[in-house]
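Hi everyone, thanks for coming. Please have a look at the model on the screen, and then I'll talk you through it.

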Amino acid sequence: MQKVIAVITADDSNVEERRHTHGTVSKPLGRERLSAVELVQVIINLPKGDSELEMISSPENNILQFLLKMLPQYPWNNFLQLRVKDIFESLLKGTKLSKD
């Protein structure tokens, strides 16, 4: 689980913005990081009391806070936006996530 958290919170300052004919595109999120967010979504769907769920929601990891910070950094990444929305909806409602 620590590796998943490390992937999501990895420093991407060495990744350059991409330029093309329509302008500049911000740093890409990356498939690995998006897959880690999807894994967090699946873990939150596990039955309550699992240690992975406690690890995700613990204040020491700040993973939920980091997910919120990622939203304005990647405003056009609909996959990320939907995953983070589903994670927080599930946590607030206390219900299982929808199977998309």
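This is a predicted model: local features need pLDDT of at least 70, side-chain atom pairs count only at pLDDT 80 or more; totals for chains, interfaces and linings use all residues.

The chain has five helices and two strands. As for contacts between residues at least 6 apart in sequence, 54% of them link residues at least 24 apart.

Now to the core. Which residues of the largest nonpolar core touch the most other members? The core has 18 residues, and the answer is I8, V40, L67 and L80. Two or more residues come from each of α1 (2–8), α2, α4 (63–73) and α5 (78–93). The largest share belongs to α2, which gives six residues.

So let's stay with α2 for a moment. This helix covers residues 31–44. How far apart are its end C-alpha atoms? They are 20 Å apart, and this agrees with expectation, because 14 residues at 1.5 Å a residue should span 20 Å. The buried residues of α2 are R33, L34, A36, V37, V40, Q41, I43 and I44.

Is Q41 buried or exposed? Its relative accessible area is 6%, which is under the 20% cut-off, so Q41 counts as buried. The side chain of Q41 also makes a polar contact of 3.4 Å with the side chain of R83.

On to the helix packing. Here α4 and α5 pack with their axes 10 Å apart, at an angle of about 140°. The crossing of α4 past α5 is left-handed. On the α4 side, the contact is made by L64, L67, L68, M70 and L71. From α5 come L80, Q81, V84, I87, F88 and L91.

You'll have noticed L80 turning up again. Setting aside residues up to four places away in sequence, L80 touches L29, L34, V37, M70, L71 and Y74.

That list takes us to M70, which lies in α4. M70 has 0% relative accessibility, so it is buried. Beyond its neighbours within four places in sequence, M70 is in contact with I8, L29, R33 and L80. Along the chain, M70 and L29 are 41 residues apart, while their C-alpha atoms are separated by 9.1 Å.

Let me finish with another residue of α4, namely Q73.

Note on methods
Residues are numbered from 1 along each chain as its sequence is written. Side-chain values use heavy atoms; hydrogens and water are left out. Helices (H or I, at least four residues) and strands (E, at least two) are DSSP runs, numbered from the N terminus. Buried means under 20% relative accessible area, exposed over 50%, partly exposed in between (1.4 Å probe, protein chains only). A polar contact is a pair of N or O atoms within 3.5 Å; within protein, one must be able to donate a hydrogen and the other to accept it, and residues adjacent in sequence count only if both atoms are side-chain atoms. A nonpolar core is a set of buried Ala, Val, Leu, Ile, Met, Phe, Trp, Tyr and Cys residues joined through side-chain atoms within 4.5 Å. Contact means heavy atoms within 4.5 Å. The expected span of a helix is 1.5 Å times one less than its number of residues. Axes are lines fitted to C-alpha atoms, for helices over the stretch in contact, and angles run from 0 to 180 degrees between N-to-C directions. A crossing is left-handed if the near helix is turned anticlockwise from the far one by less than a right angle, and right-handed if clockwise.
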